[in-house]
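Hi,

Here is the structure I promised to pass on.

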Amino acid sequence: MALRNIVKEGDPILRKKCREVTEVNDHIRMILDDMLETMYESEGVGIAAPQVGILRRMFIVDIGDGPIELINPEIVEQSGLQEDEEACLSVPGVAGVVKRPTYVKIKGLNRFGEEVEYEGRDFKAKAFCHEYDHLDGILFIDKATSTRTMDMDLDDDFEK
Ligand code: CO
């Protein structure tokens, strides 16, 4: 495993639409391993492939109950509305309030190419949606109804 640099806002990579993963192979698993290591090192609760410069549709979420890896994810159901603050490893020092569903059902492939499905409520629903948006070049600041600068010493905010 290796730490990767996190791509920061302003880099056009973050604005591209990612392509599907066509084959879940050792190369993809290696990228996922690097993403995991990079996410944990940064104390994030989620990371998407474009944030490490890989324009493929995959992300990881770990809100404290173990990592969920999703390749070619699809949101198949969503409901409810929450309005809560988010932050992003790619947008350091900024937090913003974003409207998200309170419930999301998402499916995709795991690192072995097997179909998996997850449900997320509240914080996890928000995390799924935030990471999913990265795959379409969307950042939370695009959707935020308000933003504020954040004390970089605090690490209790979303993604950071
Ligand atoms: Co993010």
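Below is what turned up, starting with the aromatic rings and moving on to the strands.

Some ground rules: this is a predicted model, so local features need pLDDT of at least 70, side-chain atom pairs count only at pLDDT 80 or more, and totals for chains, interfaces and linings use all residues. Residues are numbered from 1 along each chain as its sequence is written, and side-chain values use heavy atoms, with hydrogens and water left out.

Searching the whole structure gives one aromatic pair. Phe59 and Phe128 have ring centres 6.5 Å apart and planes at 45°, so the pair is tilted (rings of Phe, Tyr and Trp, the last by its six-membered ring, pair if their centres lie within 6.5 Å; planes under 30 degrees apart are stacked, over 60 edge-to-face, the rest tilted). Phe59 sits in strand β2 (residues 58–61) and Phe128 in helix α2 (residues 123–134), so the pair ties together parts that are 69 residues apart in sequence. Helices (H or I, at least four residues) and strands (E, at least two) are DSSP runs, numbered from the N terminus. Both Phe59 and Phe128 are buried (under 20% relative accessible area, with exposed over 50% and partly exposed in between, using a 1.4 Å probe and protein chains only).

β2 is covered on both faces: Met58 and Ile60 are buried on one side, Phe59 and Val61 on the other. Strand β1 (residues 46–48) pairs with β2 in the antiparallel sense over three bridges; two strands pair if DSSP finds at least two bridges between them. Phe59 turns up again here, as the bridge partner of Ala48. β2 also pairs with strand β3 (residues 68–79), antiparallel over four bridges, and there Ile60 has Glu69 as its bridge partner. β2 and β3 make a hairpin with six residues between them, and Gly64 in the turn has a positive phi of about 115°.

Then there is an open sheet of three strands, in the order β4-β5-β8, with antiparallel pairing. β4 (82–88) and β8 (146–149) are at the edges with a single partner strand each, so one side of each has no neighbour in the sheet. β4 is joined to strand β5 (residues 91–100) by six bridges, and Glu83 stands opposite Lys99 in β5.

Happy to go through any of this with you.
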